[in-house]
Amino acid sequence: PGMDTISNWKNVDSSINKFEFHQAVDALWDVIKGLDVDIARHKPFETKDQKAIERLVKYLQQITFYLGPFLPETAGKIQEAIKSNKMPASLFPRLD
């Protein structure tokens, strides 16, 4: 990931430490968006770049750590998917 992603991780930490939870969630979404751009650009799952995939899994684990207090069920589903190496069921089911 680029420097923006690293900066956003620092923003997540800083916001949580200041109890600015809305800003922490916004910064976390910025991290997620940055990683999504990185995945789309480099396509590690198509190129089978093992180092890039391992790095993304580590970032995903970090995301679940920060996401836990805000969306504990979702964070748990992601953690379980990482452990089982399977795509999780819908993380955000549609409300009818």
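I began with the pair R55 and D38, whose side chains meet in a salt bridge at 3.4 Å, N to O. R55 belongs to helix α4 and D38 to helix α2, so this pair ties together parts that are 17 residues apart in sequence. I note at once that the model I am reading is a predicted one.

Next I asked how many salt bridges the structure holds. I found two, and the other one joins the side chains of K33 and D30, with an N to O distance of 3.5 Å. Both K33 and D30 lie in helix α2, where they are three residues apart, or about one turn of the helix. K33 is exposed, with a relative accessible area of 52%, while D30 counts as partly exposed at 32% relative accessibility.

For helix α2, residues 21-42, and helix α4, residues 50-67, I recorded axes that come within 11 Å and cross at roughly 160 degrees. An angle over 145 degrees counts as roughly antiparallel, and α2 and α4 are therefore roughly antiparallel to each other. I also noted the hand of the crossing, which is left-handed where α2 passes α4.

Which residues make up the contact between α2 and α4? On the α2 side I listed L28, V31, I32, L35, D38 and I39, and on the α4 side R55, L56, Y59, I63, Y66 and L67. Sorted by class, this contact has 10 nonpolar residues, no polar ones and two charged ones.

E54 is partly exposed, with a relative accessible area of 44%. I checked its separation from K43, which is 11 residues away along the chain, and the C-alpha atoms of E54 and K43 are separated by 13 Å.

From there I moved to T74, which is found in helix α5, residues 72-84. Is T74 buried or exposed? At 8% relative accessibility, T74 counts as buried. Leaving aside residues up to four places away in sequence, I found that T74 touches L67, L91 and F92.

The chain has five helices and zero strands, and along the sequence I read the pattern α-α-α-α-α. The C-alpha atoms fill a box of roughly 40 × 35 × 25 Å, taken along the principal axes. Of the 96 residues in the chain, 25% are buried. Among the chain's contacts with a separation of 6 or more, I noted that 38% are between residues 24 or more positions apart.

Note on methods
Residues are numbered from 1 along each chain as its sequence is written. This is a predicted model: local features need pLDDT of at least 70, side-chain atom pairs count only at pLDDT 80 or more; totals for chains, interfaces and linings use all residues. Side-chain values use heavy atoms; hydrogens and water are left out. Axes are lines fitted to C-alpha atoms, for helices over the stretch in contact, and angles run from 0 to 180 degrees between N-to-C directions. Helices (H or I, at least four residues) and strands (E, at least two) are DSSP runs, numbered from the N terminus. Angles under 35 degrees count as roughly parallel, over 145 as roughly antiparallel, 65 to 115 as roughly perpendicular and the rest as oblique. A crossing is left-handed if the near helix is turned anticlockwise from the far one by less than a right angle, and right-handed if clockwise. Contact means heavy atoms within 4.5 Å. Ala, Val, Leu, Ile, Met, Phe, Trp, Tyr, Cys and Pro count as nonpolar, Asp, Glu, Lys and Arg as charged, and the others, Gly among them, as polar. Buried means under 20% relative accessible area, exposed over 50%, partly exposed in between (1.4 Å probe, protein chains only). A salt bridge is a side-chain nitrogen of Lys or Arg within 4 Å of a carboxyl oxygen of Asp or Glu.
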